[in-house]
Amino acid sequence: MYKFPEDLYSDVRIEKVRSTFIHYLKGELREMRERGTAGAFIRVFDGGRWYYSSLTALDKVQEELDRLAKLAAPLKDIAENKVVKNMASGGETSEFKGKDLRALPLAEKNAFLVSFFPAVTAVSAVTMWSASYSDTFTRRELYNSKGAQLVNEQQLCGLRLGMTFTENGHTFTEGAQKAGGEFSDLAGFKEELDKRIAESLAFLRKSVRVKPGKYTVVLSPLAAGVFAHESFGHKSEADFMLGDETMKKEWQIGRQLGPDFLHIADDGARPGSGFTPFDDEGAPARKTWLIKDGKLAGRLHSAVTAASLGEEPTGNARAVSFEFEPIVRMTTTHFEAGNMTKEELFSGVKDGLFIDTIKHGSGMSTFTIAPSLAYFIKDGKIAGPAQVSVISGSVFETFGLIDGISDKVELLSFVGGGCGKMEQHPLPVGFGGPYVRVRGMSVL
Amino acid sequence: MTKETYTLIKDEVSVKVSASAPESLRTKRIKRTGLRIYRDGCLGISGYLGETGAEDALKRAEAALAYKIAYPCRPSGDMKRSLTIGGKPFTPEALDAEVAALLAALRKDFPQFVFSSPAVKSGTYTEALANDAGLDLLSVISLHEFVFLYKLASSSSIMDGWFAYGGQDYDRQVFLAHAAETLNAYLKEVPLPAGGRLPVFFEDSEGLVKQLFARELGGMTFGSGGSLFSGKAGQKLFNDNFTLFNSRQEDYLPFFDAEGVCADGFKYIENGVLRAPYADKKTAAKFSFAPSGSAGAAYDATPSAGADIMKIQSQAKTIKEMLGGQSAVFISMASGGDFTSEGGFGTPAQAAFLLKDGKLTGRLPQLQLSSTVYEMYGKDFLGVSSDKIMPLSNNRWLGFVLDVRKL
């Protein structure tokens with residue numbers, strides 16, 4: 001065990017990762033590797049400043065802890081500091097209890113991936129494609145000067161296929177993917193792949209560029225999830241509010257943002273790519289309502305931001321790897337079920353767009369989503385594929401423009417990408433939701 | 001059989017800033033080593049972190065040959081070169097003090113703003129590639145990366161914009177002058193010039209306006225016929241003044257790529273004529289392209305070509321000469337835009353400035369920009385300036401005529 005320096009708060013996070021990555025380009029094997037890494041991130045806090053170090057030599061952790069302590073200014077009553085009070089104490093273990101993919105032979109994982117190739121090679125319009133399988137088993141141990149000894153194990157696996165379709169001088173790039181905590185979560189991928197190929201071929205052959213303007217837009221669970229994540233989730237991360245009186249006023253709990261049937265939550269206890277039973281400061285996962293009944297209901301915290309704003313830690317202090325300090329991040333962020341069926345949602349659109357899949361999204365005061373598969377809606381019916389560069393809007397204004405949310409929630413997991421914030425990318429997160437209808441969205 | 005070692009060392013110190021004050025000081029020393037074995041046209045790779053583990057990694061690399069990852073090319077060899085560039089990085093204490101001094105100056109001169117930074121960094125980045133075929137390459141680059149986000153204290157945005165620089169030299173006064181130009185311009189709201197179609201400038205490092213080339217000039221996609229540009233090599237597609245090339249050293253990257261190919265200056269597009277895609281050695285061999293010297297790899301991964309080092313050739317004119325007394329728009333922050341599969345371009349611009357005589361003179365409203373790749377890099381291409389945006393970095397002004405509307 002470590003000897004933590006006196007009159008300072010300090011913690012040591014040991015991260016051990018075992019991962020598999022198999023990658024093919026156009027059916028040709030490019031990568032097949034199993035990787036095992038270990039590293040440590042050390043933090044020392046003196047009540048004013050933080051001192052960090054990351055290293056791979058685990059036998060040097062104590063030495064590094066002592067070096068950081070010399071940079072800090074010891075404080076006799078550090079235990080009374082509000083930030084330190086928010087830090088975990090005691091011991092708890094969240095072990096992975098499913099089928100451990102470290103024990104599954106590489107050849108079986110490869111054969112599983114290769115089994116999907118015929119679905120792609122059978123389509124002559126697919127001129128370029130890639131396929132990958134990945135899995136990651138992560139064990140994080142957290143030790144701190146308050147006596148905490150926490151262990152958290154997680155597993156994530158998934159498949160991705162990317163395809164470029166070409167015909168008559170036109171090209172279109174799409175993909176299909178499926179991810180989850182266990183191999184069994186990947187069942188049903190073939191059906192999803194076949195469906196995506198058919199949709200992509202139709203898009204390649206029939207899509208028409210949309211005329212820029214304002215449209216009523218229906219967002220799929222994927223697009224709605226990105227919208228919730230980018231447009232609102234990032235602004236709910238409380239580190240953006242530190243020392244910022246304007247933001248604190250703007251984000252006053254109880255402020256009406258949208259209709260009564262609008263609810264958004266972040267929940268680290270949900271299985272999938274955002275699963276975070278304990279965060280990297282040891283705070284347990286919980287469901288945090290960000291919007292409830294259309295009103296601002298909460299925000300996401302680390303120990304520092306919770307102390308600063310006089311609220312409770314929410315289990316959202318996460319680091320992308322042992323190289324970085326935990327910062328406030330989302331876990332699984334999603335709209336909750338709403339006020340009408342999917343059919344009712346579409347039938348209320350006379351002339352609009354349906355955003356099915358997306359290429360990427362971003363969010364600040366103005367959020368953006370770059371759609372991939374998108375469709376015109378005419379008189380409540382899908383009316384052909386639409387080429388859309390980007391949809392965008394002001395975050396707060398857009399919530400007021402939501403006039404329908406469907407009644408079923410679909411949560412999604414991902415591999416091979418994730419959320420980026422500051423220098424930390426990609427962090428696994430989950431999102432999704434119901435179908436969401438927004439009036440007057442700006443479309444390019 | 002050829003054995004090869006690929007070593008990456010990151011030795012870095014960084015300061016994080018929150019609410020206009022230093023929040024944390026971080027030091028990092030991470031060494032990653034990859035071991036590659038080339039045998040019978042195949043490649044086996046493994047790796048390890050830290051100082052120990054070479055013997056085991058070598059065994060794993062040998063075992064990985066059984067995966068039959070084809071590598072039908074000769075590993076690079078018979079070349080010995082080392083290059084150390086950049087001065088001494090900041091020590092942790094010195095960087096901490098420098099950030100404190102910068103923040104003191106910014107708080108005094110611009111009390112209207114709140115400043116933050118994910119990381120003000122200074123470090124030494126070492127990359128080495130050596131094998132028993134006579135290859136021995138070493139690059140040691142010291143670099144400073146200063147990024148500051150700003151927002152008006154009265155703003156309800158997470159941030160309103162940023163000023164930054166990445167380079168090998170540092171001068172506090174020059175950096176503060178750059179910050180002052182940006183912040184003074186931000187404080188002065190000005191209307192969007194009339195016209196709809198306007199000259200619009202970006203930093204030439206802006207990936208958004210080049211991302212179509214990153215997507216469509218990948219060797220595998222290009223060679224397989226899946227690119228917007230497939231089959232068009234040798235054709236004049238763009239403006240005479242548009243040359244797109246591989247620039248490693250000006251972008252502070254090692255002089256060799258992850259396969260030991262040295263091809264700084266490799267041209268993808270030359271004077272508007274499409275020349276070649278970017279390709280690693282394996283892809284190049286498959287389609288009879290030339291390797292572009294742009295392969296990247298994680299320490300324990302197969303090298304594959306990347307597009308992050310595409311640069312547009314600068315012209316003889318300065319920004320002042322390019323503008324010729326005309327006002328223009330400078331886009332400081334444009335997040336979320338993209339090109340469609342057919343080459344249509346659209347993006348919101350969250351932070352835009354009015355540009356006069358090469359200086360930022362006022363803040364424009366948030367904008368929407370649109371065009372197509374053939375227009376932007378064809379008749380509407382204005383080029384890249386000869387002069388730098390700020391003296392400490394290598395970034396220059398990159399201009400197009402675009403359709404511009406208020407968001």
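## One helix of chain A and its buried side

In this predicted model, the residues of helix α5 of chain A that are buried (20 or more other C-beta atoms within 10 Å of their own, the C-beta atoms being placed from the backbone) are Phe189(A), Leu193(A), Arg196(A), Ile197(A), Ser200(A), Phe203(A) and Leu204(A). They lie on the same side of α5(A), because they cover an arc of only 130 degrees around the axis, the arc being that of the directions from the helix axis to the C-beta atoms. An α-helix has 3.6 residues a turn, so residues three or four places apart point the same way.

The face turned away from that buried side carries the exposed residues Glu191(A), Lys195(A), Ala198(A) and Lys206(A), where exposed stands for 12 or fewer such C-beta atoms. Helix α5(A) covers residues 189-206, and its 18 residues should span 26 Å at 1.5 Å a residue, which agrees with the 26 Å between its end C-alpha atoms; the expected span is 1.5 Å times one less than the number of residues. Helices (H or I, at least four residues) and strands (E, at least two) are DSSP runs, numbered from the N terminus.

## How the chains are numbered and read

Residues are numbered from 1 along each chain as its sequence is written, while chains are lettered from A and ligands numbered from 1 in the order in which they are written. Because the model is predicted, local features need pLDDT of at least 70 and side-chain atom pairs count only at pLDDT 80 or more, whereas totals for chains, interfaces and linings use all residues.

## Where chain A meets chain B

The contact between the two chains takes 56 residues from chain A and 58 residues from chain B, two residues being in contact if their C-beta atoms, placed from the backbone, lie within 7 Å. On the side of chain A that touches chain B, β2(A) gives the most, with 9 residues.

Strand β3(A) runs parallel to strand β2 (residues 21-39) of chain B, and 5 bridges join them; two strands pair if DSSP finds at least two bridges between them. Within this pairing, Trp50(A) has Ser24(B) as its bridge partner in β2(B).

## A hairpin in chain B

Strands β18 (residues 351-356) and β19 (residues 359-364) of chain B pair in the antiparallel sense over 5 bridges, and Phe353(B) stands opposite Arg363(B) in β19(B). The two strands form a hairpin with 2 residues between them, and Asp357(B) in the turn has a positive phi of about 50 degrees.
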